[in-house]
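Thanks for coming. I will go through one protein structure, and I will give the cut-offs for each term as it comes up.

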Amino acid sequence: DNSPEFIPQCRTCRRQAREQSGETAHHEGLSSDEELTPTEVDEFQKSKDNVLEDSRKIFEDVHADFCDIRKILLKFQEWKEKFPDSYCDAYISFCLPKLLNPLIRVQLISWNPLEQNFTELEEMPWFRAIEEFSDAENISES
């Protein structure tokens, strides 16, 4: 039952239980329902480490020209300069987001904007490469 009268009773019961057990780790205003146990924290960290380790292996058998966003964009820039008609006919501007999506997602796996010392998206190498490519396209179009 989550009626308004029930919620304060639950909080009172949990507070009394903490006081009796001598637990001092609780901070007022935080729900003990949302607090993670040390076991849950360890399990989460192990799971996170496994995901990060697996993500490092994704492109290990791919040639460097095809897993580096800057190099991929350079290939497209060369195509546009050498064969502008076929580049335009292939609707590359619509294809690039889908092509680069997996590469960017792998780089963002460990990114956490809630951490104190996180890197801004605009400062990431893949973002700068796309920005430079977009600027080069705008210059050539004008």
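Where is Glu-120 found? Glu-120 sits in the loop between helix H5 (92-108) and helix H6 (125-141). Helices here are DSSP runs of H or I with at least four residues, strands are runs of E with at least two, and both are numbered from the N terminus.

Before going on, a note on the source. This is a predicted model, where local features need pLDDT of at least 70, side-chain atom pairs count only at pLDDT 80 or more, and totals for chains, interfaces and linings use all residues. Residues are numbered from 1 along each chain as its sequence is written, and side-chain values use heavy atoms, with hydrogens and water left out.

Now the overall picture. The protein has 6 helices and 0 strands, and from the N terminus the elements read α-α-α-α-α-α. The accessible surface comes to about 11400 Å², and 54% of that belongs to carbon and sulfur atoms. Those areas come from the Shrake-Rupley method with a 1.4 Å probe, and for residues only the protein chains shown count as cover.

Of the 142 residues in the protein, 15% are buried. Buried means under 20% relative accessible area, exposed means over 50%, and partly exposed is in between, with a 1.4 Å probe and protein chains only. On contacts, which are heavy atoms within 4.5 Å: among contacts with a separation of 6 or more, 51% are between residues 24 or more positions apart.

Back to Glu-120. Glu-120 is partly exposed, because its relative accessible area is 42%. Together with Glu-122, Glu-131 and Asp-135, Glu-120 belongs to a patch of negative charge on the surface. What counts as a patch? Patches are made of residues with over 30% relative accessible area and no salt bridge; like charges are joined within 9 Å, and nonpolar side chains (Val, Leu, Ile, Met, Phe, Trp, Tyr) within 5 Å. Lys and Arg count as positive, Asp and Glu as negative, and His and the chain ends are not counted. The place of a charge is NZ of Lys, CZ of Arg, CG of Asp or CD of Glu.

Next, the salt bridges. Side chains of opposite charge can pair when their charged atoms come close. The rule used here is a side-chain nitrogen of Lys or Arg within 4 Å of a carboxyl oxygen of Asp or Glu. How many salt bridges does this rule give? The count is 3.

One of them joins Glu-53 and Arg-56, with the closest N and O atoms 3.2 Å apart. Both residues lie in helix H2 (residues 38-57), and they are 3 residues apart, about one turn of the helix. Glu-53 is partly exposed at 38%, whereas Arg-56 is exposed at 55%.

Another pairs Glu-132 with Arg-70, and here the closest N and O atoms are 2.6 Å apart. This pair links distant parts of the chain: Glu-132 is in helix H6, Arg-70 is in helix H3 (residues 69-82), and 62 residues separate them. Glu-132 is partly exposed at 43%, and Arg-70 is partly exposed at 37%.

There is also a salt bridge between Glu-123 and Arg-128, with the closest N and O atoms 2.4 Å apart. Glu-123 is partly exposed at 45%, and Arg-128 is partly exposed at 38%.

Let me stay with helix H3. Lys-71 is in this helix and is partly exposed at 35%. Apart from neighbours within four places in sequence, Lys-71 contacts Ala-64 and Asp-65.

Is Gln-77 buried or exposed? Gln-77 is buried, because its relative accessible area is 12%. With neighbours within four places in sequence left aside, Gln-77 is in contact with Phe-133 and Ala-136.

Ser-55, in helix H2, is buried at 10%. Under that same exclusion of sequence neighbours within four places, Ser-55 touches Val-106 and Ile-109.

Last, a backbone angle. Most residues other than glycine have a negative phi, and most peptide bonds are trans. Tyr-91 has a phi near 50°, a positive value in a residue other than glycine. Tyr-91 is in the loop between helix H4 (84-89) and H5, and it is exposed at 53%.
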